[in-house]
Amino acid sequence: IPCSAPCILAALLFLWAQAQAQNEPAKIQLRLAGSKRKHNEGRVEVYYNGEWGTVCDDDFSIYAATVVCRELGYVEAVSWSPSAKFGQGEGRIWLDNVHCTGREVTLAECSSNGFGVSDCKHSEDVGVVCSTRRIPGFRFNLNIQVEDVRIRAILSWQRKRIPVTEGFVEVREGGRWRQICNEAWTPTNSRVICGMFGFPGEKKYNMKVYKMVAMRRKNKYWGHSVNCTGNEAHVSNCRLGPPPTKKGNSTCALGMPVVVSCVPGRVFAPTPVTGFRKAYRQEQPLVRLKGGAVVGEGRVEVLKNGEWGTVCDDNWDLRSATVVCRELGFGSAKEALTGGRMGQGMGPVHMNEVECSGFEKSITECYFNRDSLGCSHEEDAGVRCNVPAMGFQERVRLSGGRNPYEGRVEVLAERNGSLVWGTVCSDSWGTLEATVVCRQLGLGFANHAFQETWYWPGDVSADTVVMSGVRCSGTEMSLSHCLHHGKYIHCPKGGGRFSAGVSCSDTAPDLVLNPQMVEQTTYLEDRPMFMLQCAHEENCLSSSAQGASASDYRRLLRFSSQIHNNGHADFRPKASHHSWIWHECHRHYHSMEVFTHYDLFSLNGSKVAEGHKASFCLEDSECDEGIEKRYACANFGPQGITVGCWDTYRHDIDCQWIDITDVKPGDYIFQVAINPNYEVAESDYSNNIMKCRCRYDGYRIWTYNCHIGGSLSFETDDTFPGLRTNQLSYR
């Protein structure tokens, strides 16, 4: 058939377009799925031709992993894993024999057998671990960063509330914030969004009000929809849905902007102070977090048969971690921690191989293996949860220090109707107060508390004292939650050089007493005064010993103690070696004048006998396998307890007792407190107390049911007891 020149040109253009289409890579989406512990790792899944599938590990390389991670918005790949390390996927295996150079923009550009051409099984599904750093300016497709999503308060009364719990859900694309059309929006989507922002659940809201607001606004909509199942820890794990319906100039013809209304956890509820009384009337929790530096992180411990124990990290993943976070009133999990990263617990390992669907109300509802044989506390599981943005970090700062972890404490306070920066009076300032400041700033644990800061000049405009009388329990989220003077400042020393200061650290020690050793070694001894002269000089006997003669006998409750350091830093005395106190009678130095308190209480809480022991020799008696001893008292060497080691005090050394000469027969509570004055900062003080039940008949004593303070169900144990107590007393 004859063809004119225009006809030939059109045919050539058609053939060229077909060739270009064949050369263009297929349009795909990627996600990381499976049994993962972080958002930046998981099984590689590809969305192609309307269906999700996996990638075979044959010929896969770090170059291919790099392409995957960059396509997902991460800077680079850390590693890749064959043989379905993150679990076996379902559906098609889209890609096999993938070869990449590492310079490709998308995995679809890499050579392979072609989509759907594979001889692999899902046991060969490949996984990757990406770096935690994101590519700056990454415009999300399927993977949405928290920074690219927000809940914007619309109603005037909501804008004044912290945290923001209700409003339009908006995403940022191309530098502009856009609303999401609610045509295909579901409550499960709201559940995931609320979890990302630190809230455990979602609730209904007044739709009529938002319809009226939307009608008066010119809304700009995002061109996609989101389809979540509800058990995702992050919206980036949800599927990307179809674009909203268009009609004329409207890109959301059948709907309006998405609104979510989230339920805050009890600690973050924006209610008046009196509302906290009702919030705290609840049953004792079955789960708690221990050893974390900030709110919403820590080692997971569960209550079983009246005893707290840990969870083994076998199969521990984001879904299980998210169940724990939501149960405690936080949002979804940011990270599922393994390997005892939040410190090693004590006591039994209650749960192993935990598997949750993500919808359970409590981790105790999840499937788990009750047999924890083979699990040690080196495998204790932990979590990092999403928590609401409370703005606490913006109301305190450290000034004048040599690095961001130290300095004079300066707080933002209201004076004469305006907010001004000022200092904190150092009267009564100690480790517990420093702990709260470090937590509030997200700088980890307290290292030291300073009552003089003349060497840190700070900001001259902030020299005025604006806060005084600060007393913290150490569990508060903000310094303002601690007890303190109200409108009238009282600071006898004045500010200036006597302003409060802190130094913070990423790590801290954590001393825990072995209760079994105390229970097994307790006994009574009658000892004459002439053999107790050195102990008497160090005030290790009761007051009635003052007038005793050398031939009089004292009845001593003796025991051995074994003190473990389960933290992430060595326990060392606060005082430097040159300031230790020499005691001639015992011929040794005291690095801490009061290292332990020993007390005997009646069942109604009255103290009937007491004792104490100085740290005349803090050293590593024994250590876990593979850990070397660092501290020994021989030749007046350095004192301390290394991480993974313990210091043993035998029952037959001086002051390792309580003088019960004046105690009448009866039932009592025997208590040992380590580091009782909080002289040295630790990651967790709640496990510094051990309690036992005692029965004394005047001749013999029976000690039983010894446990770490708070480890049995009859004792109060709140996640944030300090916030509760001091919030109600806030002035």
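Which residues of helix α4 are buried? The views below, taken from a predicted model, begin with this helix.

View 1. Helix α4 spans residues 187-196. The buried residues in α4 are Asn189, Ser190, Arg191, Val192, Ile193, Cys194, Gly195 and Met196. Because eight of its ten residues are buried, α4 is largely enclosed by the rest of the structure. Its buried residues pack against the strands β7 (149-152), β8 (166-173), β10 (201-202), β11 (225-227) and β13 (259-263), and against helix α7 (318-327). Gly198, which follows α4, has a positive phi near 95°.

**View 2. Helix α2 and the strands that cover it.** Helix α2 comprises residues 62-71, of which Ala64, Ala65, Thr66, Val67, Val68 and Cys69 are buried. The cover over these buried residues includes β1 (29-33), β2 (41-48), β4 (77-81) and β6 (127-130). Just after α2 comes Gly73, where phi is positive, at about 100°.

**View 3. The largest nonpolar core.** This core consists of 31 residues, and those with the most contacts inside it are Trp316, Val324, Val354, Ile363 and Val383. At least two core residues are supplied by each of β14 (287-290), β15 (297-304), α7, β17 (333-337), β18 (349-355) and β20 (382-385). Helix α7 provides the largest share, five residues. For Val324, the contacts beyond its neighbours within four places in sequence are Val287, Leu289, Val300, Trp316, Ile363 and Val383.

**View 4. A three-stranded open sheet.** The strand order in this sheet is β28-β29-β37, and the pairing is antiparallel. Strands β28 (523-528) and β37 (657-659) form the edges, each pairing on one side only. On average, neighbouring strands of the sheet are turned by 35° against each other, direction ignored. Three bridges join β29 (residues 553-558) to β37 in the antiparallel sense. Leu556 has Asp659, in β37, as its bridge partner.

View 5. The structure contains 17 aromatic pairs. In the pair formed by Trp454 and Tyr455, the ring centres are 5.1 Å apart and the planes lie at 75°, so the arrangement is edge-to-face; the cut-off for this class is an angle over 60 degrees. These two residues belong to one aromatic cluster together with Phe450 and Trp456. Trp454 is exposed, having a relative accessible area of 54%, whereas Tyr455 counts as partly exposed at 35% relative accessibility.

**View 6. Arginine side chains over tryptophan rings.** Two arginine-tryptophan arrangements are shown here. Arg31 lies over the face of Trp52, at 4.0 Å from the ring centre. The ring of Trp421 has the charged end of Arg397 over it, 4.1 Å from its centre.

Key. Residues numbered from 1 in each chain as written. Predicted model: local features only at pLDDT ≥ 70, side-chain atom pairs only at ≥ 80, totals over all residues. Heavy atoms only, no water. Pairing = 2+ DSSP bridges. Helix = DSSP H or I, 4+ residues; strand = E, 2+ residues; numbered from the N terminus. Axes fitted to C-alpha atoms, helices over the stretch in contact; angles between N-to-C directions. Buried < 20%, exposed > 50% of the residue type's maximum accessible area, 1.4 Å probe, protein only. Contact = heavy atoms within 4.5 Å. Phe/Tyr/Trp six-rings, centres within 6.5 Å; stacked < 30°, edge-to-face > 60°. Lys NZ or Arg CZ within 6 Å of the ring centre and 35° of its normal. Core = buried A, V, L, I, M, F, W, Y, C linked by side-chain atoms within 4.5 Å.
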